[in-house]
Amino acid sequence: MRNSQGFTLLEIVIAVAIVALLAGATAPLVFKELQQAREEATLKELAAIKTGLEDFFVDTGRFPSETEGLTALVVDPGAGGWAGPYVGGGSRDPATEVLGDAFGNSYLYDLAPITNPAGAADLLVASGGSDQSISFGAVGGTWTIAGNGDDLLLLVSSGSLNRDKNLTTRERLDTIAEAARAFFADNAAWPATLSDLTVDYMDAGLDGESLIDAWNSSLTLASDGGTPPVLSIISLGPNRTDNSGGGDDLVLQVSSIPPARQTTLSRLEIAQTALNSSPATLLTGVWANDLAALGLSSALANDGWGHPLQINAASRVVFSSGPDNNAASINDNLPKGVGP
């Protein structure tokens, strides 16, 4: 008969044994679930870090240095264009998120990593995973991307980001080039600055976005001063550093020949028509004098490059010395083949 005052010692021993057996059976399952939860949390953090690194790159034109590390995503390292913090809103404090994974270990951050296969990423962030030991590689060593283990690797590349920004910047360079050609056609000279174009030739865009590249650096103009002059429209590119037109700079060169030729032909047509209509006018062979004798505007004194138009008095033909401003080289004169 059961003791009405409680359990017998044997019953207690049996109950404890059952609890122990159940605990022993469920402990591995609980541990596995816990590790899986930590892995999922780490993967979620790595996804947020990837977005943050890409946004950092978009704003600053570079990834954080290894010295700056992932902390640069939450604390401004002094990078131009920084608009962070770039991570936050997760289950942990942002500063904690970038320092270590959900297993309590620090992330490894490798800028310009050596990878197998080669060129797999511009930077790599690694967590040792559930075994808390990184086996796929090391900073300064070679990372095996498809290694055997539970490492969690984040690979980030700038290629797609730069391609999009390249296209945007190229479109802005083309818009400026079109405006610059129109400016040259009217003024026989290139604009000195972009502000010369925004009055009559192009729209600066919202907050002047048409005058900056996609990396938020100001676009610039440079004329080579040659004969004929060539205009360079320059973007400093992703690294926002002046590489004198080399490196990752984007440069669009614009020839003055098309707009100047158009202007020259228009002026020549007017001048020649006036000359043909005045066969009795005596010519001096100096266009500036003959221009006045024909009663023409001084606006017809020069060609589209700003060089004085010339006249062959014998053949009564007005001509331009062309892009090279050399009347003797008649092949590029306008009309072609006409010279002194």
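Reply: One definition to begin: two strands pair if DSSP finds at least two bridges between them. By that rule β1 and β3 pair, with four bridges joining them. Bear in mind that this is a predicted model.

Me: Which way do β1 and β3 run, parallel or antiparallel?
Reply: Antiparallel.

Me: What is the bridge partner of Tyr109 in β3?
Reply: Val125.

Me: In what order do the strands of that open sheet come?
Reply: The order is β1-β3-β5, three strands with antiparallel pairing. β1 (108-111) and β5 (152-156) are the edge strands. Each has a single partner strand, so one side of each has no neighbour in the sheet.

Me: How many degrees does the twist average from one strand to the next?
Reply: It averages 15 degrees.

Me: Now β6. How many bridges pair β6 with β7?
Reply: Four, in the antiparallel sense. β6 covers residues 220-223. Ser223 stands opposite Leu231 in β7.

Me: And how many residues sit between β6 and β7 in the hairpin?
Reply: Six. Gly225 is in that turn, with a positive phi of about 70 degrees.

Me: Is Ser244 buried or exposed?
Reply: Exposed, because its relative accessibility is 71% and the cut-off for exposed is over 50%. Gln132 has a relative accessible area of 44%, so it counts as partly exposed.

Me: Last topic, peptide bonds. Which bond that ends at Pro85 is cis?
Reply: The one from Gly84 to Pro85, with omega near 5 degrees. Pro85 is in the loop between α1 (9-60) and α2 (94-99).

Me: And what is omega for the bond from Leu334 to Pro335?
Reply: Near -5 degrees, and that bond is cis. Pro335 lies in the segment after β10 (317-319).

Terms used: Residues are numbered from 1 along each chain as its sequence is written. This is a predicted model: local features need pLDDT of at least 70, side-chain atom pairs count only at pLDDT 80 or more; totals for chains, interfaces and linings use all residues. Side-chain values use heavy atoms; hydrogens and water are left out. Helices (H or I, at least four residues) and strands (E, at least two) are DSSP runs, numbered from the N terminus. Buried means under 20% relative accessible area, exposed over 50%, partly exposed in between (1.4 Å probe, protein chains only). Axes are lines fitted to C-alpha atoms, for helices over the stretch in contact, and angles run from 0 to 180 degrees between N-to-C directions.
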